Amino acid sequence: MTIAVPPRQAEHPVDALFLERWSPRAFTGEEIPPAELNSLFEAARWAPSSYNSQPWRFLYARRGTPAFDTFLDLLNPYNQSWAKNAAVLVIAVSARTFVRPGTIEVVAARSHSFDTGAAWANLALQASRLGWHAHGIGGFDVEKTRTALKVPDDFEVEAAIAIGRRGDKSILPESFHKGEAPNGRRPVAQTAFEGSFPGS
């Protein structure tokens, strides 16, 4: 089923992939084939990272498996209400330390969250390219997640992600309908500054 969405307009030329990616909440409940899910993780694998340390790890549960309910229970009630129809639920975590190449010393990975964000972006864009959508989620219980999924202390619990095939907004409560469309962005002039920070 093809569901029309309002087109986005870029200020400057970019690949259409960046405009087509967005984060719906209405998912059909369709299961994602394992090969396509692995393509999403493969895209994440090729993200850049400091010293090629690759700090990201993705813990996931596919729809229809016992683990799916465990992952869903980590989300707050608001997010559970729509993410229950996702094909996959993912928790992104990142290593706070790494061993610098050529040494045996464990050091702090200052950019672990930044690098894991790059991997998440790759995953989300690949999902869009394959006709899926990935919706990042901040509303979940971090400490409960750490315990339930046995995340080691030297890893940061970063975000939850729901992946699914987009459905019609009618499957959501009416209060969700207005937000079920691609949103805009600040102008480039408000986020990119030559020289120092403006006003400082």
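The buried residues of α5 pack against α1 (16-20), α2 (34-45), β1 (56-62), β2, β5 (133-137) and β6. Here buried means under 20% relative accessible area, exposed means over 50%, and partly exposed lies in between, with a 1.4 Å probe and protein chains only. Contact means heavy atoms within 4.5 Å. Helices (H or I, at least four residues) and strands (E, at least two) are DSSP runs, numbered from the N terminus.

This is a predicted model, in which local features need pLDDT of at least 70 and side-chain atom pairs count only at pLDDT 80 or more, while totals for chains, interfaces and linings use all residues. Residues are numbered from 1 along each chain as its sequence is written, and side-chain values use heavy atoms, with hydrogens and water left out.

Let me stay with α5. Its buried residues are H112, D115, T116, A119, L123, A124, L125, A127 and S128. Helix α5 covers residues 112-129, and its 18 residues should span 26 Å at 1.5 Å a residue; the end C-alpha atoms are 26 Å apart, which agrees. The expected span is 1.5 Å times one less than the number of residues. Just after α5, G131 has a positive phi of about 90°.

I turn to the nonpolar cores, each being a set of buried Ala, Val, Leu, Ile, Met, Phe, Trp, Tyr and Cys residues joined through side-chain atoms within 4.5 Å. The largest has 25 residues, and those with the most contacts inside it are L75, W82, A83, L89, I91 and A162. Two or more residues each come from α3 (66-72), α4 (77-83), β2 (88-95) and β6 (155-164). Another core, of 20 residues, lies apart from it and includes V88, V90, A92 and I163. Which residues does A162 contact, leaving aside its neighbours within four places in sequence? They are F27, W82, A83, A86, V88, L89, H133, A134, H135 and I137.

Finally, the salt bridges, meaning a side-chain nitrogen of Lys or Arg within 4 Å of a carboxyl oxygen of Asp or Glu. A search of the whole structure finds four. In one of them, E30 and R165 meet at 3.5 Å, N to O. This pair links the loop between α1 and α2 with the segment after β6, 135 residues apart. Another joins K144 to D73, with the closest N and O atoms 2.7 Å apart. K144 sits in helix α6 (residues 142-148) and D73 in the loop between α3 and α4, 71 residues apart. K144 is partly exposed, at 35% relative accessible area, and D73 is partly exposed at 41%.
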